[in-house]
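Please keep the sequence and the coordinates at hand while reading.

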Amino acid sequence: MEPERGEIRISVRNLVEFILRSGDIDNRKKGSADIEAMLEGARLHRLIQSRTGPEYHAEVPLRECFAQNGYDIIVEGRADGIIYREPSEADSQKALPVTIDEIKSTWLDVDKLKEPVYVHLAQARCYAYIWASQNKLPEISVRMTYVNSLNRQVRYFHETCVFSELEKWFGEILSSYKRWADFQFEWYRKRNRSAASVEFPFVYREGQKELVSQVYRTIYHRRKLFLEAPTGTGKTISVVFPSVKAVGAGLCDKIFYLTAKTITRTVAAESFELLRDRGLCFKTVVITAKEKICPLEETECNPVACPYARGHFDRINDAIFDLLTSRDSFMREEVEEFAKKHTVCPFELALDMSLFSDAVICDYNYVFDPNVYLRRFFSDSPQGKYVFLVDEAHNLADRAMKMYSAELLKEEVMAAKRLVKEHDSRLSRALEALNRKFLLIKRETEDIRLFEDISDFMMALNRACSRLEDFLEDNDGFEKRKELLEFYFKVRHFINMYDNMGSRDYVIYSELKPAGLMLKLLCTDPSESLKKRLLKGVSTVFFSATLLPIRYYKDMLGAEEEDYAVYASSVFDERKRGLFIACDVSSKYTRRGELEYRHIAEYINACVRQRKGNYMVFFPSHSFLMKVYEQYTGMYSDADTEVLCQKSNMTEEERESFLGRFLRDDGGDPECTAVASAHSFLVGFCVTGGIFSEGIDLKNDSLIGAVIVGTGLPMVCNERELMKKSYDRMGYDGFDYAYRFPGMNKVLQAAGRVIRTVDDVGIVALLDERFLTGSYRKLFPKEWRRFEVISLESKEDKINEFWELADINEGRSPEILINGGKEPLRLKGDQYG
């Protein structure tokens, strides 16, 4: 049931930034994405607030309701400080002075600020209006407080506002926003009615309805769900549909569908389109990376280089309203079309459309990355009614560790010094002082060294950062600005991660690398950082086809004790997949040699030659791949077989060409066995954990076999060993968390390339005897209960037997090939009883 009156909520910050923006996009005018320091801001706010007296009231929540026709606009936020004295009896007949304090932390030299940034001042004025209105004050003061993040220097700007003038000013802002609020109110009513009535677009598969119910239940109880749903369970629609229903029921009002790869973003968008075809009114935006959607050959975000940046903010709101009222799906093509029509930046247009979208489909970065997250949702705004759907969640732990880690090289400091040496002596000296700190570290680093405290280094880094900020602010046209800006961003990220890190989840170390001395802040446990961001929403669903062992992902992704975990059963017939484990080969370093490479090549040939078709073989490294490739092509090369090799650093065109060789040319007819390759046997040699081991969807005999060499363990190196020791200190099994679990996930992903639909039939061969040990078998998914142990002597016979049974189960006459397909298989009369 809809409430009697609707509500449109907007934060003070979002209101003023949306309505009052104007002019150009110009990345030359500031050294960072914002004048405000990022993670340091809250800490400096508390520092300033702690220095004040009893009249200073910190972090005061403010909220005002403005009645419209049928709904209310709720403007809300949190004032950094309100300065007033509690009235006494003697004060009862007079209004006491009140000052609204708005604090902004910055890396800039505050002495260079001639006036407050207008949108900052506008925020303070909005708070002043709300307080004065609610307390019937004839006038109220505003104080803008800017504090330098490095030296804590403070600069104040004061303004006194007469309430009548302030009321008129705020009324104009609210009036400008009203057309947007009117549209949203009517849209939300339409959306919620359609979401409440839309039905599931398919006949439920076995167990799928329970899966949908569990997702809805998770949102209802405002929990997290860890969901392992094997390929074929329809997991995308099974999480999207109940989330849409939750929007219709008022449990949430925006869905963030988060992915690690472009292909899964496309699948998510198609799921929402399916529901729209069945009557759902739901606006969705897909955010495409700036480098991909930029209309220029080189991304230059300034009015000189880019006509879309020139006057962008003068036109952007008209572009948004035009797209908003014309379409419901804001895919890349629609965004580019309307950006061109209104001459605005397509990337910024997509970001703005997220404000008015019911579902935002984007990369993990836009929620979790401390440098590029969507500040309009996750900065200083209160908790939103958001649901996070995290697809391919097995990728998030590793991605998050990288996001929250930071590193600097000594050579980068010297390169930056060479760039500015002739232009700014103060900056050059600051970089030289930083280099001397690096030299001290280098003297104490033979190979690798751990640090408990790097405060001296950080002082020098902060000074260098401040000088860099000043230089970039004062030198728009510096010839080497792009290179210096890249270094500056690395420095800023390092400082922010240092301020953010805890003693438990980080390791600080230096290491001598080929590129020179490196100092790194290594995040080994991203759970706390992820948890902080997820608290901005009401519920999260982590889902993947490979989320085992579940306790590892719950530990790494910030689960609470009361959160849920569900394993969805596979809908595939186990008889259609042959799972084979070799008992007499291994990728262990101690076993590597020509004989082992030859044995592995023999296994690959045995897997391939029993049935014409396409196969992929996954190796632990490119060097290992090449060793076996040499053996395989030397022993089994013939005209019937084509062997492809994954190259290092393949271009997008090369990747598409590689995959194109596996695609069927039969229009998807399951009875046809034709392949794109003209050869009878197509074998792709790939790297486990690489671009072809996950995120590709080869259906209908496009791939009938995957051979996985080794257990997928990450390469042993200093960093992995530090991670292992860190996990041991946390009370986990260090080897499992640093090596075994991440490796096994790569294996499961590679194996999952074979069976993609209920009609697919194929084999998976695990070529490493370690898979037969209890440590690995306990990590097998339920659908791997049945497997065959094979040896160098038995491999052909047992693989033959699988294909025979598969043909009979499919109602076909067995047509098994032996000796390279040159002899028919002769079956024993009583073989099938």
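## A glycine between two helices

G311 lies in the loop between helix 8 and helix 9, where helices (H or I, at least four residues) and strands (E, at least two) are DSSP runs numbered from the N terminus. With a relative accessible area of 7%, G311 is buried; buried means under 20% relative accessible area, exposed means over 50%, and partly exposed lies in between, with a 1.4 Å probe and protein chains only. Once its neighbours within four places in sequence are left aside, G311 is in contact with G23 and D24, contact being defined as heavy atoms within 4.5 Å. The C-alpha atoms of G311 and G23 are separated by 4.8 Å, although these residues stand 288 residues apart along the chain.

The model is predicted, so local features need pLDDT of at least 70 and side-chain atom pairs count only at pLDDT 80 or more, whereas totals for chains, interfaces and linings use all residues. Residues are numbered from 1 along each chain as its sequence is written, and side-chain values use heavy atoms, with hydrogens and water left out.

## Helix 10 and its surroundings

Helix 10 covers residues 332-342, and within this helix E334, V335, F338, A339 and H342 are buried. Seen down the axis of helix 10, these buried residues fall within an arc of 130 degrees, so they line one face of the helix; the arc is that of the directions from the helix axis to the C-beta atoms. On the other side of helix 10, E333, K340 and K341 are exposed.

The cover over the buried residues of helix 10 includes helix 8 (290-293), helix 9 (312-326), strand 10 (329-330) and helix 11 (346-353). After helix 10 comes T343, whose phi is positive, near 55 degrees.

## Salt bridges

A salt bridge is here a side-chain nitrogen of Lys or Arg within 4 Å of a carboxyl oxygen of Asp or Glu, and by this rule the count comes to 52 salt bridges. One of them joins D328 to K283, with the closest N and O atoms 2.6 Å apart. This pair links distant parts of the chain, since D328 sits in the loop between helix 9 and strand 10 while K283 sits in the loop between helix 7 (262-277) and strand 9 (284-286), 45 residues apart. D328 is partly exposed, with a relative accessible area of 27%, whereas K283 is buried, at 2%.

The side chains of E407 and K520 also meet in a salt bridge, at 3.5 Å from N to O. Here too the pair links distant parts of the chain, with E407 in strand 13 (residues 406-409) and K520 in strand 16 (residues 516-523), 113 residues apart. E407 is partly exposed, at 30% relative accessible area, and K520 is buried, at 11%. A further salt bridge connects E642 and R661, whose closest N and O atoms are 2.8 Å apart; this pair links E642 in strand 21 (residues 641-645) with R661 in the loop between helix 23 (652-660) and strand 22 (681-687), 19 residues apart. E642 is buried, with a relative accessible area of 14%, while R661, at 29%, counts as partly exposed. Elsewhere, E7, R9, R63 and E76 are linked in a network of salt bridges.

## A nonpolar surface patch

Y589, M715 and V716 form a nonpolar patch on the surface, with about 360 Å² of accessible area together. Patches are made of residues with over 30% relative accessible area and no salt bridge, like charges being joined within 9 Å and nonpolar side chains (Val, Leu, Ile, Met, Phe, Trp, Tyr) within 5 Å. Accessible areas come from the Shrake-Rupley method with a 1.4 Å probe, and for residues only the protein chains shown count as cover. M715 is found in the loop between strand 23 (705-709) and helix 24 (718-730), and at 56% relative accessibility M715 counts as exposed.

## The chain as a whole

The chain has 27 helices and 27 strands, and of its 833 residues, 56% count as buried. Along its principal axes the C-alpha trace spans about 110 × 70 × 50 Å. A compact globule with 833 residues would have a radius of gyration near 28 Å, and the chain has 30 Å, which agrees; this radius is taken over C-alpha atoms, and the globule rule is 2.2 Å times the number of residues to the power 0.38.

Among the contacts in the chain with a separation of 6 or more, residues 24 or more positions apart account for 78%. The chain exposes about 36,400 Å², of which carbon and sulfur atoms supply 48%.
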